[in-house]
Amino acid sequence: DGELVKMEIVGQHLVLDQIKCILVTCNDVTDREAYLNNLKQSELKLKSATTIAKLGYWSVDPIDLSFVCSDEFYKIWGIKWIQHVGQPINGPDGNYTKLEGTVQDITDLKSTQLQIEKTNEEKNNILESIGDAFISVDHNWTVTYWNSVAEKVLMVEKDDIMGKNLWN
């Protein structure tokens with residue numbers, strides 16, 4: 001029908017009834033090539049996603065202790081704050097066959113958490129240094145802050161009131 005197809009052509013020398021011949025076979029590999037191209041595209045997308053997410057993969061075989069990991073694993077491991085998650089993988093017989101998991105660079109998240117902790121500590125230092133009783137409640141009247149002067153003036157320990165409704 002005139003459609004172009006990809007072919008795999010293989011030739012083999014042989015002797016048939018004392019005559020030297022060449023046996024040539026042709027196979028249409030168009031579908032296989034398309035499948036392999038799609039697989040390569042998927043692999044490139046996955047690699048891009050793991051790079052963007054700063055996510056690496058690893059696997060350990062418990063029998064021969066072989067270790068397999070992605071390129072991103074090496075970029076992450078040992079140089080930053082990381083989150084490490086793993087799980088055992090069971091075979092069809094229910095027995096443990098390998099351990100696999102991910103490692104993710106969470107440096108930005110950890111830096112943000114540390115900054116929040118520092119800011120909260122500075123706020124607490126300010127609120128504890130004032131000479132007045134200071135309390136804070138949310139929209140449900142749940143106590144969210146109670147300084148040491150409030151403990152003395154109102155005669156209620158901070159640990160006994162924090163997270164509880166002020167009116168109860």
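**Entry 1: rings**

I count two rings of Phe, Tyr or Trp (its six-membered ring) as a pair if their centres lie within 6.5 Å; planes under 30 degrees apart are stacked, over 60 edge-to-face, and the rest tilted. With that rule I looked up the aromatic pairs, and the structure holds five. I took the pair of Phe67 and Phe73: the ring centres are 5.6 Å apart and the planes stand at 65°, so this pair is edge-to-face.

This is a predicted model, so I note that local features need pLDDT of at least 70 and side-chain atom pairs count only at pLDDT 80 or more, while totals for chains, interfaces and linings use all residues. Residues are numbered from 1 along each chain as its sequence is written, and side-chain values use heavy atoms, with hydrogens and water left out.

Next I checked accessibility, where buried means under 20% relative accessible area, exposed means over 50%, and partly exposed lies in between (1.4 Å probe, protein chains only). Phe67 has a relative accessible area of 42% and is partly exposed. Phe73 has 7% and is buried.

**Entry 2: a charge over a ring**

I looked for charges over rings (NZ of Lys or CZ of Arg within 6 Å of the ring centre and within 35 degrees of the ring normal). The charged end of Lys110 sits over the ring of Trp81, at 4.8 Å from the ring centre.

**Entry 3: salt bridges**

Side chains of opposite charge can pair when their charged atoms come close. For a salt bridge I require a side-chain nitrogen of Lys or Arg within 4 Å of a carboxyl oxygen of Asp or Glu. How many salt bridges does this rule give? The count comes to six.

One of them joins Glu8 and Arg32, with the closest N and O atoms 3.2 Å apart. Glu8 is in strand β1 (residues 7-16) and Arg32 in helix α1 (residues 30-53), so the pair ties together parts 24 residues apart in sequence. Helices (H or I, at least four residues) and strands (E, at least two) are DSSP runs, numbered from the N terminus. Both ends came out as partly exposed: Glu8 at 33% relative accessibility and Arg32 at 41%.

I then looked up Lys47, which forms a salt bridge with Asp71, the closest N and O atoms being 3.3 Å apart. This pair also links distant parts of the chain, since Lys47 belongs to helix α1 and Asp71 to helix α2 (residues 71-76), 24 residues apart. Lys47 is partly exposed, at 46% relative accessibility.

Glu72 and Lys75 meet in a salt bridge as well, at 3.5 Å from N to O. The two are three residues apart in helix α2, so about one helical turn separates them. Is Glu72 buried or exposed? Glu72 is buried, at 9% relative accessible area, whereas Lys75 is partly exposed at 48%.

**Entry 4: the largest pocket**

I searched for pockets on a 1 Å grid over the protein atoms alone; a pocket is an open set of points with protein on both sides within 12 Å along at least five of seven lines, and lining residues have an atom within 4 Å of a point. Grid points are joined across faces, edges and corners, and the volume is the space filled by probe spheres set on the points. The largest pocket holds about 300 Å³.

The lining has 13 residues, and those closest to the centre are Leu46, Lys47, Thr50, Ser70 and Asp71. Lys47 and Asp71 are the salt-bridge partners of the previous entry. Which elements give two or more residues to the lining? They are α1, β3 (55-60) and α2. Helix α1 gives the most, with five residues.

**Entry 5: loops**

Gln18 is not a glycine, yet has a positive phi of about 65°. I found Gln18 in the loop between β1 and β2 (19-28), exposed at 79% relative accessible area.

Trp141 also has a positive phi of about 65° without being a glycine. Trp141 lies in the loop between β7 (135-137) and β8 (143-146) and is partly exposed at 41%.

Ile79 is in the loop between α2 and β5 (82-90) and is exposed, at 58%. I noted one distance from here: the C-alpha atoms of Ile79 and Asn124 are separated by 32 Å, with the two residues 45 apart along the chain.

Note on methods
1 Å grid on protein atoms, 1.4 Å probe; cavity = no way out; pocket = protein on both sides within 12 Å on 5 of 7 lines; lining within 4 Å.
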